[in-house]
Amino acid sequence: MHNDLDVIKSKAGEEIASASGLKDIHDLKVKYLGKKGLITTQLKTLGALSREEKKEFGKVLNECKNHIQDLLNKQEAILKTSELDISLKTQNIDVTVPGSSVPFGHLHPVTLVFDEIISIFLSLGFTVEEGPEIEEDFYNFEALNFPKDHPARDMQDTFFICEDVVLRTHTSPVQVRVMEKNAPPLRVIAPGKVYRCDSDVSHIPMFHQLEGFMVDKNIRMTDLKGILELVVHRIFGPNTSIRLRPSFFPFTEPSVEIDISCVICKGSGCNVCQTTGWIEILGAGMINPRVYEKAGYDPDKYTGFAFGLGIERVAMLKYGINDVRLFPENDMRFLKQF
Amino acid sequence: MKASYNWLKEFVDFKEMPEELAHILTMAGLEVELIEKAGNDIIFDIGVTPNRSDWLSMRGIAREISAILNLPMKDITASITNEIGEGPVVEIEDAALCPRYSSRIIKGVKPGPSPEWLSKKLESCGIRPTSNIVDITNYVLLEIGQPMHAFDLDKLAGKKIIVKQAGDANKFTTLDGEERKISKETLLIWDVEKPVAIAGVMGGGNTEVSDATLNILLESANFLPSSVRRTSRTLGLSSESSYRFERGVDKEAVILALDRAAELIVEFAGGEVTNITDKYPEPFEAREIVVPFKKINSLIGIDIEEDFIIKTLLSLGFVIERRGELLSIMPPSYREDAERDIDIIEEVARIYGYDKMPSTLPEMQMSSPTEHKLQELVKKLKISMVKSGFSEAINYSFLNPEIIDQLNLAQDDRRRELIYVRNPLRKEESAMRTIIIPALLNNVNTNIKRGEKTLRFFEISKVFLSAGKNLADEITQLGAVYLKDNATSLWQTKHEGFYDLKGVFESIFKDLKIKVTFSASQAEPYMHPAKSCAILIGDNKIGSIGTLHPAVADIFNLKGDITIAEIDDIEGLLDAASSKICFTSLPKFPSVERDIALVVNDDVTVSSVEKEIRGIGSDILEDVTLFDIYKGKPIAKDKKSLAFSIRYRSLEKTLTDNEVDEVHAVILKRLQDNLNAELRS
């Protein structure tokens, strides 16, 4: 009887190992462990044995049953995994079909540059202020020391709404508006749209500026240089150098134009910098005491600086945009690149 | 301003090559914009800032070079010997407008061509040579910066000069042959009968020097800058003279220029010179500027030696006197731009060199920056729009005024009241926009032409609503436009673009924690009347969404499924958007969901059904969600089926079926009674 069992056991082992599907496993389960299965049949013979034999043979029989059950389970698990693998493979989808969600849109490069620069100044403790775009002559010119009938007004081609109202030609009027309402110390930036009555290959009639100014006791011109150097390094990288050139704006004295070393050719000379190695990027200066007088500040007590930065100009240099007229076009082929 | 390298060298013996000199000038504030070759000379095109009229001559630029390079300057001298008789009679009636007028008569001149060197110098600096007398006046203008004029003496009635305003003389023919209308205030030069020149701008044809001229009256005068500027602007006439007078000409160089010109005329055109007439009622007096030494360094932020400060100011022509810690400074007559200490400080810093200035950071107290709430909200909206697939457009703030009549706006709509630009570049850009949508529709149009099929644009910008007195209420608005192309996205769900855009705004308001509702009335007149809605907070309209009105689409040459949306006033959302987040604790008991499928008349809206369901006011009704709309067989033609999922939950216990059934039945009854709804079988 033991021998029979050994034969069954080894036969079962072989058959289970060569089972190639879950159906085979099922059949083998029936064949060995089912109601009429080979093991079950053996169990039924137990009744005819003596107590001793029953105990001994029963134990062996049970072991044999467990062994087969074990083999069946293991093989079943293996077959299940491989059958799932096969069936998953038939459910394939084309993963290269575009997803059905809407792709993100794009911020305008002017917004990107604004966001970058504004966040730099916020981190330096500046606050953001705004002013009207349709502005009174007083704020746009008069209070900034552009007297009427003064040739300095020719520096900015102006759109007029009427004699005393203009489209602001710069963001500088915000200086006066903020000073009228607040006492020093001031650390302010004013981003916004500005307008010049000028349109050609290198000018558009509406563009964007960021005004910045700082007023306190003991603000020095070297501070202006330091702050702007810091900002230029953050925008264009730490190897960009800046250069201050004397210039003239009625509302600053001394006034300077600030050049950066050409970001395209790194100073060796190219089209963008007209072979000079330098690119003019902003106008700045120490706030003219006349502006303080208009705002009611004591010019002997306070000093400060102001600067105006052209956003399109920065964007052109930063992204290598070669035509300023692309900014107001809103061509998707342009916007998509940002 | 064109400046000749060789000519400058006649004044200062510098060694610098043209490129080097150009760099030195640029770094001193005379920006050399262009370097050109002209024969064996080099011409610099210099951008002279409006404050430095003293740089509008070779002498002035040479003076600057001499100061920067610390080299001696060979100045111009002129003296007239053998004067014959009295100078001309000159009368200034408006002394405020004409601070100085000096003149000599030269008798027996022979007009003819100028010597070649003189013609060449004029040409290289951009002035066309004509004949010797006129050329010499122009030469002196370039050399010294003093505008001059020569009259034909024999054409001057009474041989007398009167300087007075135009008064009733309302027309005048300038020497370019143009008859010009002139205003009462215009300052003119007269003889005893008639005007003969527009002071500081241009001479008259009636007294012009010609080949036949024998005797001339030479004018070297000074006119009030603002008066010349007004005249030049009103006439739309600018000349080398007016350009300089507007910016201010050195009153003390008037005689030097007059004598220099007289000398040259005698040399090259012959003649004899009379005595001088010099009307100069209020001679120039330098105004003292006091600068504390300390202030120079404290404002600039560097230590500049006192010796350097004094040497620099002296070289620039300032007369200085040291008084202890103070410097008393008298600016020269050609530096009327120097008015206060700060102007002196600039001179020192400029010559010292900004490149030698270190960078420092300001010492300031820490303070907490206040956030700009509108900017923050705008930024948030921009990011939401971009994440929803919309690209940001930035258009000009201008509007074509013709468009505003084509948007079906009511007559009393505030957006019709346009603010006009007086000097627009194009008629299509002559008004300030009161609405953003038209610009976005134009963006769609141009992009379609470039091959785009689906477009999503938004813009957040100001619109300008008239507030009277030519000023505006500037309102920050959001506009969005969506062109849906169903043909290219067949595998995506097909429904009108309206629902896509509405979904975007629903999500955005949810993100902002602003509770909005949508109402089919009150949308905009440029939207499809049956496919548009207003966005409301409570009863206030804050925006609108709708399919573009087909008639408006036609105006913009647009076809297809176009949806537009607006938020009317972003600043107005600030209060609603700043509501605090308030946590509700999570439910402890499970919810029960029941679906309900109804058949209702076509005109019954989803929101009215929702309203009815919520209207039962049961504690256990938690949420209502629409999950299907169906039209077609077997539903009757004028009806539709709406299916909602209703979620019930109690905060106190687990609900039993009976409890839910009870409420559900009430809902059904209410829908049957109030909306004529039938339960779909």
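A residue is called buried if 20 or more other C-beta atoms lie within 10 Å of its own, exposed if 12 or fewer do, and partly exposed in between, with C-beta atoms placed from the backbone. The structure is a predicted model, in which local features need pLDDT of at least 70, side-chain atom pairs count only at pLDDT 80 or more, and totals for chains, interfaces and linings use all residues. Residues are numbered from 1 along each chain as its sequence is written, while chains are lettered from A and ligands numbered from 1 in the order in which they are written.

**Exercise 1. Describe the overall form of chain B**.

*Solution.* 
Step 1. Begin with burial: 40% of the 681 residues of chain B count as buried.
Step 2. Take the secondary structure. Helices (H or I, at least four residues) and strands (E, at least two) are DSSP runs, numbered from the N terminus. Chain B contains 19 helices and 31 strands.
Step 3. Compare the radius of gyration, taken over C-alpha atoms, with the globule rule, which is 2.2 Å times the number of residues to the power 0.38. For chain B the radius is 40 Å, well over the 26 Å that the rule gives for 681 residues, so the chain is more spread out than a compact globule.
Step 4. Along the principal axes, the C-alpha atoms of chain B fill a box of roughly 130 × 60 × 45 Å.

**Exercise 2. Which domains does the assignment give for chain B****, and how many residues of domain 1 of chain B are in contact with domain 2 of chain B****?**

*Solution.* 
Step 1. Domain bounds come from an automatic or database domain assignment. For chain B it gives domain 1 (2-69), domain 2 (89-279), domain 3 (289-354), domain 4 (373-577) and domain 5 (592-679).
Step 2. The C-alpha centres of domains 1 and 2 of chain B are 27 Å apart.
Step 3. Two residues are in contact if their C-beta atoms, placed from the backbone, lie within 7 Å. By this criterion, 14 residues of domain 1 of chain B touch 13 residues of domain 2 of chain B.
Step 4. On the domain 1 side, the largest share, three residues, comes from α3(B).
Step 5. Sort that side by class. Ala, Val, Leu, Ile, Met, Phe, Trp, Tyr, Cys and Pro count as nonpolar, Asp, Glu, Lys and Arg as charged, and the others, Gly among them, as polar. The side of domain 1 of chain B that touches domain 2 of chain B has six nonpolar, four polar and four charged residues.

**Exercise 3. Describe the contact between chain A and chain B**.

*Solution.* 
Step 1. In this contact, 66 residues of chain A meet 73 residues of chain B.
Step 2. Helix α8 (residues 221-236) of chain A gives the most to the chain A side, with seven residues.
Step 3. By class, the chain A side comprises 37 nonpolar, 15 polar and 14 charged residues.

**Exercise 4. Which residues of helix α10 of chain B are buried****, and which are exposed on the other side****?**

*Solution.* 
Step 1. In α10 (residues 306-315) of chain B, the buried residues are B:Ile309, B:Thr312 and B:Leu313.
Step 2. The arc, that of the directions from the helix axis to the C-beta atoms, is only 95° for these residues, which puts them on the same side of α10(B).
Step 3. B:Asp307 and B:Leu314 are exposed on the other side of α10(B).
Step 4. The cover over the buried residues of α10(B) includes α9 (293-300), β17 (319-323), β18 (326-330) and α11 (341-352) of chain B.

**Exercise 5. In what order do the strands of the open sheet with β28 of chain B lie****?**

*Solution.* 
Step 1. Two strands pair if DSSP finds at least two bridges between them.
Step 2. The four strands have the order β29-β30-β28-β31 (chain B), with antiparallel pairing.
Step 3. At the edges are β29 (621-630) and β31 (678-679) of chain B, each pairing on one side only.
Step 4. Eight bridges join β29(B) to β30 (residues 639-648) of chain B, and B:Ile629 stands opposite B:Leu642 in β30(B).
Step 5. In the loop between β29 and β30 of chain B lies B:Pro634. The peptide bond from B:Lys633 to B:Pro634 is cis, with omega near 0°.

**Exercise 6. Where is B:Asn408****, and what is its phi****?**

*Solution.* 
Step 1. B:Asn408 is located in the loop between α13 (401-404) and β21 (431-432) of chain B.
Step 2. Its phi is positive, about 65°, although B:Asn408 is not a glycine. Most residues other than glycine have a negative phi.
Step 3. B:Asn408 has 14 C-beta neighbours inside 10 Å and therefore counts as partly exposed.
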